[in-house]
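Please look through the sequence and the structure shown below. The paragraphs that follow lead from the sheet to its helices and then to one residue.

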Amino acid sequence: MRILKKCIKKILNALGYDVIRIPPRKGYKKPKRDLLRMTYNLTNHCNLNCKCCDNFAPLVEEEFTDLEIFKRDLKRIAALSNMGKGIELLQLTGGEPLLHPQINEALKIARDCFITAPIEIVTNGILLLRMPDPFWQICRENKITIVVTKYPINIDHQGIKEKAAANGVEFHFYGDTEQVLKTMHCVPLDLNGRQNKNESFTKCYKSNLCIKCRNGKLYTCSLIPNIHYFNNYFNLNLRVSKRDHIDIYKARDLDEIFEFIRKPIPFCKYCNIDGSRYDIKWDVSKRELTEWV
Ligand code: SF4
Ligand code: SF4
């Protein structure tokens with residue numbers, strides 16, 4: 001068997017695949033979750049357009065989530081999770097979620113579906129001080145927490161905090177930091193897909209954690225449901241297969257979902273985790289390929 005493995009490795013290396021070692025088939029699962037922590041994008045575009053954005057928001061034309069699809073998906077997850085009791089956290093994200101013209105309606109839908117689960121809106125905060133009174137009232141009445149990521153931009157963070165307090169709305173800064181020190185992080189994409197998917201998945205902090213639901217599908221991370229924006233903009237073809245998501249309408253129960261999201265998926269072959277770059281100084285995106293590779 002060992003000789004056979006060596007032969008396969010030699011052949012793959014000769015074909016140009018960078019095979020360091022052939023990994024065992026098992027052992028790459030992450031610990032099984034017992035509660036679902038999930039994000040759902042309300043928009044895919046953003047009003048900030050940060051360099052290296054891992055949702056590829058700078059590459060997206062204006063695009064709002066259809067609330068009928070949103071409602072149907074949340075209802076299905078609620079049914080799978082004992083009316084949301086199996087939900088650790090629902091985060092409404094983007095892009096920039098506050099750009100959605102029906103944001104108030106979206107918040108009510110989320111709370112109707114998940115009666116007791118914690119629900120957060122994660123925003124860059126740019127629009128918050130301009131949000132009309134009904135928005136604040138709905139956040140308060142539906143126990144929606146506002147979470148602001150502190151980007152180093154000209155924005156009245158203290159004013160936002162005070163406004164939330166004055167409206168009786170739960171609020172905190174992302175990472176609970178009081179300092180403005182947001183930097184960016186990039187997991188370079190290997191356009192040839194020559195990474196070891198098992199190792200990428202195992203080392204990736206997003207896998208089994210940044211779980212994203214979109215259009216009836218659930219993904220182990222937020223990268224895969226957004227990669228088509230990157231492909232379209234740069235005319236590339238990083239392929240997503242049926243094995244990269246689980247269909248929430250076909251899943252029997254949450255247990256099946258938990259089993260799926262803890263295991264490597266084919267798309268991980270595009271993530272060069274070992275080449276990750278940290279603490280990239282924040283800036284506005286120039287929409288150049290080098291930001292993501
Ligand atoms: S604020 Fe968030 S979603 Fe918007 S561009 Fe920056 S990182 Fe992306
Ligand atoms: S595709 Fe895999 S390695 Fe890449 S971010 Fe998602 S889970 Fe991580």
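Eight strands form an open sheet in the order β5-β4-β3-β2-β1-β7-β8-β9, and the pairing is mixed. Helices (H or I, at least four residues) and strands (E, at least two) are DSSP runs, numbered from the N terminus, and two strands pair if DSSP finds at least two bridges between them. Because β5 (171-173) and β9 (246-247) each have a single partner strand, they stand at the edges, and one side of each is left without a neighbour in the sheet.

This is a predicted model: local features need pLDDT of at least 70, side-chain atom pairs count only at pLDDT 80 or more, and totals for chains, interfaces and linings use all residues. Residues are numbered from 1 along each chain as its sequence is written, chains are lettered from A and ligands numbered from 1 in the order in which they are written, and side-chain values use heavy atoms, with hydrogens and water left out.

Within the sheet, β1 (residues 36-41) pairs with β7 (residues 211-214) in the parallel sense over three bridges. Here methionine 38 stands opposite isoleucine 211 in β7.

Helix α2 (residues 67-80) lies across β1, β2 (87-93), β7 and β8 (217-219). Its direction is at about 175° to β1, where axes are lines fitted to C-alpha atoms, for helices over the stretch in contact (heavy atoms within 4.5 Å), and angles run from 0 to 180 degrees between N-to-C directions.

Threonine 65 is placed in the loop between β1 and α2. The side chain of threonine 65 reaches the backbone oxygen of asparagine 41 at 2.6 Å.

Technical notes: Polar contact = N/O pair within 3.5 Å; in protein donor to acceptor, adjacent residues only side chain to side chain.
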